[in-house]
Amino acid sequence: MSNDMDFLMDVLSSCKKKEHKYKTFIVKDSTTNLCRIAKAEDVEKRFKVLHSANPNLTLVSVIDKNVKSEILKGYEALATGQDWLSLSDCDIECIINKYTK
C-alpha cells in the first residue's frame, strides 16, 4: 500500500503546473512614440518576434517581475489600445524607477 501511495504522490507532484517566471518589458515604437507593456518568460526571444513584425520597436526596459497589469492599470488614462500607452519620457522613467529599484 505504501508503494502505491508513493507512486501516486510522485505522479501528482510531476503533474503540478509549471511556475512561470514572467518579466515585464517596455518597448517603444519610434514612428508613433507609443509604448507597449508586455510580459514574457524569455524577453529576448519575445522581443525578436515583435521586432521582426515591426522594426521600429526599441526595447526600453526589462523589469524582473510580472507587473504588467499593475502598470497598465496605473496608466490606463494614457491607453491607446490593448497594451499600448502614450507615455512621456518622464512616465517611462517613473515606471523604471518604481519597479527596478
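Student: In which sense do β2 and strand β5 (residues 84-85) pair?
Tutor: Keep in mind that this is a predicted model. DSSP gives 2 bridges between β2 and β5. In one of them, C35 has L85 as its bridge partner in β5. The sense of the β2–β5 pairing is antiparallel.

Student: And which residue of β2 is the bridge partner of T24?
Tutor: Strand β1 (residues 23-29) pairs with β2 over 6 bridges, in the antiparallel sense. The two form a hairpin with 5 residues between them, and N33 in that turn has a positive phi of about 65°. Across in β2, the partner of T24 is K39.

Student: Is S61 buried or exposed?
Tutor: S61 sits in strand β3 (residues 57-63). Leaving aside residues up to four places away in sequence, S61 touches T24, F25, I26 and I96. Its relative accessibility is 9%, and the cut-off for burial is under 20%, so S61 counts as buried.

Student: Where do the buried residues of α4 fall, seen down its axis?
Tutor: The buried ones in α4 are D91, I92, I95 and Y99. Seen down the helix axis, they fall within an arc of 100°, so they line one face. The face turned away from that buried side carries the exposed D89, C90 and E93.

Notes. Residues are numbered from 1 along each chain as its sequence is written. This is a predicted model: local features need pLDDT of at least 70, side-chain atom pairs count only at pLDDT 80 or more; totals for chains, interfaces and linings use all residues. Side-chain values use heavy atoms; hydrogens and water are left out. Helices (H or I, at least four residues) and strands (E, at least two) are DSSP runs, numbered from the N terminus. Buried means under 20% relative accessible area, exposed over 50%, partly exposed in between (1.4 Å probe, protein chains only). Contact means heavy atoms within 4.5 Å. Two strands pair if DSSP finds at least two bridges between them. The arc is that of the directions from the helix axis to the C-beta atoms.
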